[in-house]
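Me: Could you walk me through how this fold is put together? I'd like to go strand by strand.

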Amino acid sequence: MSTAPISRERAERIARAHACIRCQEYSYRKITIARASTQHDQALGERWHATLTCGVCGARQELGLGADGEVLYAG
């Protein structure tokens, strides 16, 4: 059973629900969602790439999201 990949809006909601890796807060100053590169899609199964800047501590982190919304990596 194959499901359609999540939408950009859903990817943004998932990214906002992920705590900051440094301070564990959920407040972000800036979030950018982009389609994953072809290399990341082939190697990791990543469909969306999120870049988040924490509004509390200023940490910048990246998330890789799979087609089903699973967080593949955070760092």
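Reply: Happy to! Two strands pair if DSSP finds at least two bridges between them. Helices (H or I, at least four residues) and strands (E, at least two) are DSSP runs, numbered from the N terminus. This is a predicted model, in which local features need pLDDT of at least 70 and side-chain atom pairs count only at pLDDT 80 or more, while totals for chains, interfaces and linings use all residues. Residues are numbered from 1 along each chain as its sequence is written, and side-chain values use heavy atoms, with hydrogens and water left out.

Me: In which sense do strand 2 and strand 3 pair?

Reply: Strands of a sheet pair through backbone hydrogen bonds, either parallel or antiparallel. Here seven bridges link strand 2 and strand 3, and H49 stands opposite G64 in strand 3. The sense of the pairing is antiparallel.

Me: Which residue takes a positive phi in the hairpin of strand 2 and strand 3?

Reply: This hairpin has five residues between the strands. The positive phi, near 85°, belongs to G58.

Me: What is the bridge partner of L65 in strand 4?

Reply: Strand 4 covers residues 71-74 and runs antiparallel to strand 3, with three bridges joining them. G64 stands opposite Y73 in strand 4. For L65, the bridge partner is V71.

Me: What is the order of the four strands in the open sheet?

Reply: The pairing in this open sheet is antiparallel. Strand 1 (28-35) and strand 4 are the edge strands, each pairing on one side only. From one strand to the next, the twist averages 20°. The order is 1-2-3-4.

Me: Is T51 buried or exposed?

Reply: T51 sits in strand 2, residues 46-54. Beyond its neighbours within four places in sequence, T51 is in contact (heavy atoms within 4.5 Å) with residues including K30, I31 and R60. Buried means under 20% relative accessible area, exposed over 50%, and partly exposed in between (1.4 Å probe, protein chains only). Because its relative accessible area is 16%, T51 is buried.

Me: Why is strand 3 largely enclosed by the rest of the structure?

Reply: Strand 3 spans residues 60-66, seven residues in total. It is largely enclosed because the number of buried residues among them is five.

Definitions and conventions
Axes are lines fitted to C-alpha atoms, for helices over the stretch in contact, and angles run from 0 to 180 degrees between N-to-C directions.
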